[in-house]
Structures are given as structure tokens and as C-alpha cells.
Amino acid sequence: MTLIAFHDGVNNSSLVEWRYWASKLNKKVSFVSLIEKQADKAEIALVWNPPEGRLAELTNLKLICSLGQGVDHLWKDRHIPLSIPIIRLVDANMSHALSQWVMAVLLDFLRDGSFYRQNREKREFNKLPQRSTYATKTAVYGIGAIGSVVANKLRNFDFEVTGWAQTRKPHLLFKQEIGTEGFQNLLSNNLIHICLLPLTLSTKKLFNQEAFMKMPKGAYFINAGRGEQVDEIALLNAVHIEHLSGAALDVFCEEPLPVSHPFWEEKKISIWPHVAAQTNPETAVEQVIEAIHAIKSGRVPENIVDPVRQY
Ligand code: GLV
């Protein structure tokens with residue numbers, strides 16, 4: 001019997017979610033809440049945002065599995081046992097969901113959805129001239145498992161896409177810009193900027209005042225990476241002074257976004273409560289089962305995270 005310590009980010013770990021995972025995993029596993037004493041002997045930790053120091057107390061631990069695609073929540077725990085393999089979810093279903101969200105907010109912006117919704121409120125039938133959007137220059141920051149799917153979908157929709165990464169990815173067919181110089185080129189040459197990066201020391205506050213001011217006037221910013229990659233006040237200012245046309249955000253420095261946050265006052269910033277790609281246990285469970293098998297049979301599981309690179 002394999003004991004799995006479960007924690008979904010809430011102190012008393014939502015039982016519904018936990019029972020669902022348990023029912024999908026085979027009968028040879030048993031679940032316990034990470035915060036309970038019984039979890040001390042767990043071999044597997046299936047977690048989101050575990051309490052600081054708790055994972056280090058599990059003396060039998062053989063695998064830490066993030067309940068999401070990101071793992072930045074794990075680095076916040078300064079005592080995380082780095083000698084234990086850590087995996088993140090890489091789920092084609094979630095990449096697909098995320099690409100649809102990007103498409104939804106992007107087309108809503110380009111086809112003036114917000115103007116027409118206001119029209120409706122006022123029972124007005126006014127038209128704006130249709131923008132010419134063919135081959136709209138679009139930068140996708142982060143072209144891994146998620147970003148590459150998004151970039152390919154955008155290309156199929158006639159966007160002119162350039163991806164940004166630290167190193168060139170020869171298997172990807174779209175244009176790429178690399179490293180710091182590439183980042184600066186992308187900022188100034190694209191109208192649409194889509195951030196899908198993992199949060200690491202080098203992506204923290206990457207989108208700051210200088211970056212926003214480098215984007216051409218009228219640019220649009222989309223973030224489904226992490227809130228901490230953005231200087232939120234700089235973004236707000238860039239929208240206020242109409243240097244940027246607006247932004248669509250699914251992630252924030254503080255979540256839930258506090259009710260007093262100035263983003264709520266800015267209609268040109270569309271706010272989504274971290275729902276662009278929600279973890280789908282139904283599709284993610286296969287990967288967890290496979291990783292447990294790998295660990296049990298002495299193999300290295302897939303989608304291992306490198307603690308030095310932080311993703
Ligand atoms: C969501 O943000 C995730 O990391 O899966």
C-alpha cells in the first residue's frame with residue numbers, strides 16, 4: 001500500500017478533490033491529508049502550496065508531485081527536500097485549455113468585445129471600424145509544453161508569431177528570439193505580448209516599466225504565467241497613459257486579487273481568477289500513476305523539475 005499525502009493549497013485540503021484523485025488512482029494507494037500526523041510516513045506527496053517545512057518532515061518521501069503545471073509554489077518552502085525528485089504536471093489537455101483562453105481574450109480584444117458589450121448595456125447599435133488584424137505581430141514568451149501549443153494555434157489563426165526562450169528549440173517551426181537581446185527585440189517589434197513563462201529568479205518582474213514602454217503604442221499584454229513576473233503598478237500606469245491598449249490577466253502577485261487592488265478600477269484590464277487552465281484530475285491522473293510506478297520500480301519519472309533552473 002502506497003501512502004499519498006495530499007494538499008491542494010487549502011489548510012484542510014478539500015475532501016471532494018482528494019476523494020476524486022483517490023478514486024482515479026488504483027486500490028493500492030491510500031490518501032491522507034498532508035497536514036495530519038499520519039502523513040509523516042507518506043511516500044508520495046501530491047501537493048499545491050504545501051505549508052512551509054511540512055514536506056521536510058516526511059521521512060519516507062520518495063516523490064513530490066505538483067498538482068499544477070507550475071512548481072514555483074514549492075520553492076516558497078525554504079525547507080523543501082531537494083534530494084527528492086519533484087515532478088510537475090505536463091498535460092496536453094491543460095495546454096489545449098490554456099491556448100483556448102489565450103485565443104478567447106486575444107480575439108475579444110482585437111474584435112472590440114468590450115465596446116460591443118457596453119453597446120449592449122446602452123441598447124446601442126454602433127460600429128467601430130474593423131481593425132486589420134491579418135498577420136498581427138505576436139510575441140509568445142515561454143515556448144515549452146504550453147507556449148509551443150499556444151504559438152502553433154495562433155499561427156493557424158494567421159498571427160505572425162515569434163517565440164522567446166533562453167535557448168533555441170530546433171524542433172519548433174516558428175520564429176524564435178533568444179536570451180536578453182531577443183527579449184528586447186520582441187518587446188519593440190510586436191503588438192501582442194503573451195507571457196506563459198515559469199516563475200524563476202530570472203523571470204521575476206521581467207515585465208517592468210521599461211519593458212512596457214518598449215512595446216509599441218497600442219500594444220496588448222496577456223499573462224497566464226505568474227503574477228510576480230509583472231510589475232503591476234508599471235502595467236497599470238502603461239494602461240492609464242494609453243501606451244498599452246489594455247491587458248488580460250489570469251495571474252496576480254496576490255491571489256485572490258484583493259478587493260482594493262487598483263486593477264479592479266481599470267476597465268481595460270480584464271481579470272480572470274486563475275482559470276485559464278485548471279488542473280483536470282481526469283487527464284492528469286495518468287501521469288501521476290506513471291510517476292508512482294516509475295519511482296517504485298527504480299526508474300526516473302517524466303517531467304522532473306530541475307531545482308537549479310527552478311522549472
Ligand atoms: C497553474 O497555474 C498551474 O501551474 O498549473
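## Helices and strands in a predicted model

Helix H3 passes helix H5 in a right-handed crossing, a crossing being right-handed if the near helix is turned clockwise from the far one by less than a right angle. This is a predicted model in which local features need pLDDT of at least 70 and side-chain atom pairs count only at pLDDT 80 or more, while totals for chains, interfaces and linings use all residues. Residues are numbered from 1 along each chain as its sequence is written, and side-chain values use heavy atoms, with hydrogens and water left out.

### The helix pair

Helix H3 (residues 92-110) packs against H5 at an angle of about 45°, and their axes are 9 Å apart. That makes H3 oblique to H5, since angles under 35 degrees count as roughly parallel, over 145 as roughly antiparallel, 65 to 115 as roughly perpendicular and the rest as oblique. Where the two helices meet, H3 contributes residues including Val102, Met103 and Leu106, and H5 contributes Val149, Val150, Lys153 and Leu154; contact here means heavy atoms within 4.5 Å.

Leu106, which lies in helix H3, is buried with a relative accessible area of 0%, where buried means under 20%, exposed over 50% and partly exposed in between, with a 1.4 Å probe and protein chains only. Not counting residues up to four places away in sequence, Leu106 touches Leu154, Phe159, Ile192 and Ile222.

### Strand S7 and its partners

Strand S7 (residues 160-165) is mostly covered, five of its six residues being buried. The chain reaches S7 from S6 through helix H5 (residues 147-156), in a β-α-β crossover that is right-handed: with the strands pointing away from the viewer, the path from the first strand over the helix to the second runs clockwise.

| Strand | Partner | Bridges |
|---|---|---|
| S6 (residues 137-141) | S7 | five bridges |
| S7 | S8 (residues 175-178) | four bridges |
| S1 (residues 2-7) | S2 | five bridges |

Within S7, Val161 is the bridge partner of Thr138, and Thr162 has Lys175 in S8 as its bridge partner.

Conventions:
Two strands pair if DSSP finds at least two bridges between them. Axes are lines fitted to C-alpha atoms, for helices over the stretch in contact, and angles run from 0 to 180 degrees between N-to-C directions.
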